[in-house]
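Subject: Structure for your review

Dear colleague,

Please find below the structure that I am handing over to you. My findings follow it, grouped by region.

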Amino acid sequence: MSDAPCRVAVIGAGVIGISWTALFLANGLRVRVSDPRPDLAAAVTSGIASAAPALRSLGYPEPDTALLEFEADTERAVRDADVVQENGPERLEFKQAVFTALGTAGKPDALLCSSSSGLAVTDMVANLPDSIASRALVAHPFNPPHLIPLVELVPGQRTAASTVERAERFFQNLGKKPVVVRKETPQYIVNRLQQALFQAAVALVAEEVGTVADIDEAVTNSIGIRWSTAGPFASFDLAGGSGGLAHFLEGAGAAMGVNAQTTELLTAQAEKFFHTTSYEQRVEVRDRRQVAVLRALAAEEVAEK
């Protein structure tokens, strides 16, 4: 596969598959969609039309449906694809069957991606030869893929390093923000974070601390805005002032269940990744970005009235 693939096969035309299709088309890629659903063409074209206004707002061209094809048979759909994006049900046996078809019927150098939200690609390709397993990885988007930048790239035990590099380039060229998950783990990174936050939110409602509306309002007007511009570690690093995360954890680490060994690990990484500029510069960047988010939300509220 070249660094500029021209044809993508989308396997599974549910919400995720259709959203991916709109993004691929908006990037000028030829797309062949495969799904046994009887309303395949109507569902996909309708979904693309729904995604088009948001894509245009982000600066993408209109998705070009002249580049779109449909094929119910999976093996025929992948036969000349440079990249395959699988979006089927979250059942291991289904993924295994699909990857067998992808590997045997597709091009010998095709990049094989799964949109799985929690399964391990190692298990999906367990019974397949290295020639297939080396080209397979999870490329987990966040819904909807045509809007949310993140793609979690999760290689398996036999995924080649070159495959991860190719996947990073491919998704970056689409305007996405790929993050490589360095170790296979159930639910990867963000779904584990989401689950922890959601469990705490459910507990607060069950304990009658707040209603579902209260909790949502609290989140969207605090950490929702904060984390859109600086993640939890960068935010707490700034909360520690010029002393950074080390100073923050001196006071709050024990209450948060962070022991001394973990504190040392976290502070060393914070120094490496965050402290490339001064504290004052990082505060200025954070504030400018958060003001931009607040202004955009305020403008949208006015437009909705």
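Predicted model: local features only at pLDDT ≥ 70, side-chain atom pairs only at ≥ 80, totals over all residues.

Glu 208 is situated in the loop that runs between α8 and α9 (212–220). With a relative accessible area of 72%, Glu 208 is exposed. Its backbone deserves a remark: the phi angle of Glu 208 is near 60°, a positive value in a residue other than glycine.

Tyr 188 belongs to the loop between β8 (177–180) and α8. Is Tyr 188 buried or exposed? Its relative accessibility is 2%, so Tyr 188 counts as buried.

Among the contacts of Tyr 188 is one with Gly 118. Gly 118 sits in the loop between β5 (111–114) and α5 (121–124). Leaving aside neighbours within four places in sequence, Gly 118 is in contact with Glu 90, Pro 186 and Gln 187 as well as Tyr 188. The C-alpha atoms of Gly 118 and Val 138 are 9.1 Å apart in space, and the two residues are 20 residues apart in sequence.

Helix α8 (residues 190–206) contains Asn 191. Asn 191 counts as buried because its relative accessibility is 15%, and the cut-off for buried is under 20%. Which residues does Asn 191 contact, leaving aside its neighbours within four places in sequence? They are Ser 117, His 140 and Phe 142. Between Asn 191 and Leu 92, which are 99 residues apart along the chain, the C-alpha separation is 18 Å.

A cis peptide bond is found between Asn 143 and Pro 144, with omega about 0°. Pro 144 lies in the loop between β6 (136–141) and β7 (150–155). Ser 19 touches Pro 144, and also Pro 145 and His 146, not counting residues up to four places away in sequence. Ser 19 is itself placed in helix α1. At 5% relative accessibility, Ser 19 counts as buried.

Next come two helix pairs. In general, two packed helices are described by the angle between their axes and the distance between the axes.

In the pair formed by helix α1 (residues 15–26) and helix α2 (residues 40–57), the axes are 9 Å apart and the packing angle is about 60°. This angle makes α1 oblique to α2, and the crossing of α1 and α2 is right-handed. On the α1 side, the contact is made by Ile 18, Thr 21, Ala 22, Leu 23, Leu 25 and Ala 26, which meet Ala 43, Val 44, Gly 47, Ile 48, Ala 51 and Leu 55 of α2. These residues of the contact of α1 with α2 comprise ten nonpolar, two polar and no charged.

In the second pair, the axes of helix α11 (residues 232–239) and helix α13 (residues 260–274) come within 11 Å and cross at roughly 90°. The two helices, α11 and α13, are therefore roughly perpendicular to each other. Phe 233, Ala 234 and Asp 237 of α11 meet Leu 266, Ala 270 and Phe 274 of α13. How many residues of the contact of α11 with α13 are nonpolar, polar and charged? The contact of α11 with α13 divides into five nonpolar, no polar and one charged.

Asp 82 counts as buried because its relative accessibility is 8%. Its side chain joins that of Lys 107 in a polar contact of 2.7 Å. The side chain of Asp 82 also reaches the backbone nitrogen of Cys 6, at 3.0 Å.

Finally, helix α14 (residues 279–304) includes Glu 304. Glu 304 is exposed, with a relative accessible area of 59%. The C-alpha atoms of Glu 304 and Ala 260 are separated by 49 Å, and these residues are 44 residues apart along the chain.

With kind regards

Key:
Residues numbered from 1 in each chain as written. Heavy atoms only, no water. Buried < 20%, exposed > 50% of the residue type's maximum accessible area, 1.4 Å probe, protein only. Polar contact = N/O pair within 3.5 Å; in protein donor to acceptor, adjacent residues only side chain to side chain. Axes fitted to C-alpha atoms, helices over the stretch in contact; angles between N-to-C directions. Helix = DSSP H or I, 4+ residues; strand = E, 2+ residues; numbered from the N terminus. Parallel < 35°, antiparallel > 145°, perpendicular 65-115°, else oblique. Left-handed = near helix turned anticlockwise from the far one by under 90°. Contact = heavy atoms within 4.5 Å. Nonpolar A, V, L, I, M, F, W, Y, C, P; charged D, E, K, R; others polar.
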